[in-house]
Amino acid sequence: MSLTQLVFWTFSALAVVGAAMCITRRSPVASALWLVQTLFSLAALFVVLDAQFIAVLQVLVYAGAIMVLFLFVIMLLNLGRAGPSDLKGPAGLAVATLLGGLLFFQLLRGATPSAAGTRGGNVMAQLQEEQGIVGAVARPLFSQYLIPFEITSVLLLAAIVGAVVLAKRKL
Amino acid sequence: MLLGPSLAVSAVLFALGVAGVLLRRNAIVIFMCVELMLNAVNLTFVALAQSLGVAGQIFVFFVMAVAAAEAAVGLAIILAIYRHKQTVDLQNINLLKG
């Protein structure tokens with residue numbers, strides 16, 4: 001097993017364990033912190049998969065900003081202590097296991113990489129060698145995908161206004 | 001090339017996210033499970049971008065922007081619900097129940 005594979009499987013295991021703990025812990029704070037572990041492990045997987053820029057964004061935006069937002073809301077609502085379990089009863093557990101398992105096997109069946117997926121060899125590594133790690137993502141982002149990029153700013157503005165309006169006690 | 005294993009890990013994470021949404025009643029934890037599903041899809045995009053070109057990574061960039069906006073608005077909604085009902089347990093939020 002090569003080093004890349006070793007790193008990949010280690011962080012995959014960490015991500016899956018973090019996700020499993022996240023959905024089973026009673027305290028929302030514990031759930032959030034296990035989710036942070038999953039997000040960090042995913043960032044490491046992104047590095048293995050030649051997406052270093054996306055990995056940095058993952059740590060900054062997800063693990064840094066979004067999870068802090070979650071923890072702040074948990075703190076504001078004073079939900080930190082594990083109350084009575086909010087897991088659904090045996091029926092809920094059965095439904096969740098059944099549907100989750102079914103979905104997993106369906107996804108796995110569709111996830112066998114076809115010839116089309118591996119045809120080009122490692123395109124990203126080539127691109128990064130030619131244009132640099134950030135350049136490979138930034139160049140198309142500011143040329144081919146410029147309009148979606150600009151529309152994102154409008155989306156974020158709408159989100160800011162919406163969050164303030166919704167969360168304010170009295171306008 | 002780790003395309004196959006990446007897609008498998010992504011499937012596991014997505015299924016765990018769905019199971020979490022079905023299993024929990026705390027609105028905030030359900031919201032975290034939705035974030036988990038978004039991340040599973042991001043992993044798929046990045047794995048496929050490795051051999052199919054940079055478009056996948058750019059899509060992940062947009063997914064992250066939308067997820068950040070969604071988290072801000074969603075958590076504001078949860079705050080508003082808590083102010084109204086004093087709970088975030090979805091069992092007690094049944095205004096639309098027939």
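This is a predicted model: local features need pLDDT of at least 70, side-chain atom pairs count only at pLDDT 80 or more; totals for chains, interfaces and linings use all residues.
Gln57(B) has a relative accessibility of 1%, so it counts as buried. The cut-off for that class is under 20%. Gln57(B) sits in helix H3 of chain B. Leaving aside residues up to four places away in sequence, it touches Asp50(A), Ala51(A), Ile54(A), Met124(A), Val137(A) and Ala49(B).

Start with Asp50(A). This residue lies in the loop between H2 and H3 of chain A. Its phi is positive, about 60°, although Asp50(A) is not a glycine. Asp50(A) is also buried, because its relative accessibility is 14% and the class takes values under 20%.

Gln86(B) is not a glycine either, and it has a positive phi of about 60°. It is found in the segment after H3 of chain B. Its relative accessibility is 54%, so Gln86(B) counts as exposed. Asp50(A), by contrast, is buried.

Now take Met124(A). It belongs to H6(A), where Met124(A), Leu127(A) and Gln128(A) are buried. Why do they lie on the same side of H6(A)? They cover an arc of only 100° around the axis, and that places them together on one side. An α-helix has 3.6 residues a turn, so residues three or four places apart point the same way. On the other side of H6(A) are Gln126(A), Glu129(A) and Glu130(A), which are exposed.

What do the buried residues of H6(A) pack against? Within chain A, the partners are H3 and H7. From chain B come helix H2 (27-52) and helix H3 (55-85). The buried side of H6(A) therefore meets elements of both chains. After H6(A) comes Gly132(A), with a positive phi near 90°.

Step back to the whole interface. In chain A, 82 residues are in contact with 67 residues of chain B. The size of an interface is often given as the accessible area lost when the parts come together. Between chain A and chain B, the buried area is about 6,600 Å². Carbon and sulfur atoms give 79% of it. On the side of chain A that touches chain B, the elements giving two or more residues are helix H1 (3-24), helix H2 (28-48), helix H3 (52-76), helix H4 (90-110), helix H5 (115-118), helix H6 (123-131), helix H7 (133-141) and helix H8 (146-167) of chain A. By class, this side has 59 nonpolar, 16 polar and seven charged residues.

How many salt bridges cross between chain A and chain B? The rule finds zero. Polar contacts do occur: nine residue pairs, both at pLDDT 80 or more, are counted between the two chains.

Ser31(A) lies in helix H2 of chain A. Its relative accessible area is 0%, so Ser31(A) is buried. A polar atom of its side chain lies 2.7 Å from the backbone oxygen of Cys22(A). Not counting residues up to four places away in sequence, Ser31(A) touches Cys22(A) and Arg25(A) in chain A, and Arg24(B), Val29(B) and Met32(B) in chain B.

Leu36(B) is placed in helix H2 of chain B. At 0% relative accessibility, it too counts as buried. Leu16(B) is 20 residues from Leu36(B) along the chain, and their C-alpha atoms are separated by 8.3 Å.

Arg25(B) counts as buried, because its relative accessibility is 17% and the limit is under 20%.

How values were computed
Residues are numbered from 1 along each chain as its sequence is written. Chains are lettered from A and ligands numbered from 1 in the order in which they are written. Side-chain values use heavy atoms; hydrogens and water are left out. Contact means heavy atoms within 4.5 Å. Buried area is the accessible area (1.4 Å probe) that two parts lose on being put together, summed over both. A salt bridge is a side-chain nitrogen of Lys or Arg within 4 Å of a carboxyl oxygen of Asp or Glu. A polar contact is a pair of N or O atoms within 3.5 Å; within protein, one must be able to donate a hydrogen and the other to accept it, and residues adjacent in sequence count only if both atoms are side-chain atoms. Helices (H or I, at least four residues) and strands (E, at least two) are DSSP runs, numbered from the N terminus. Ala, Val, Leu, Ile, Met, Phe, Trp, Tyr, Cys and Pro count as nonpolar, Asp, Glu, Lys and Arg as charged, and the others, Gly among them, as polar. Buried means under 20% relative accessible area, exposed over 50%, partly exposed in between (1.4 Å probe, protein chains only). The arc is that of the directions from the helix axis to the C-beta atoms.
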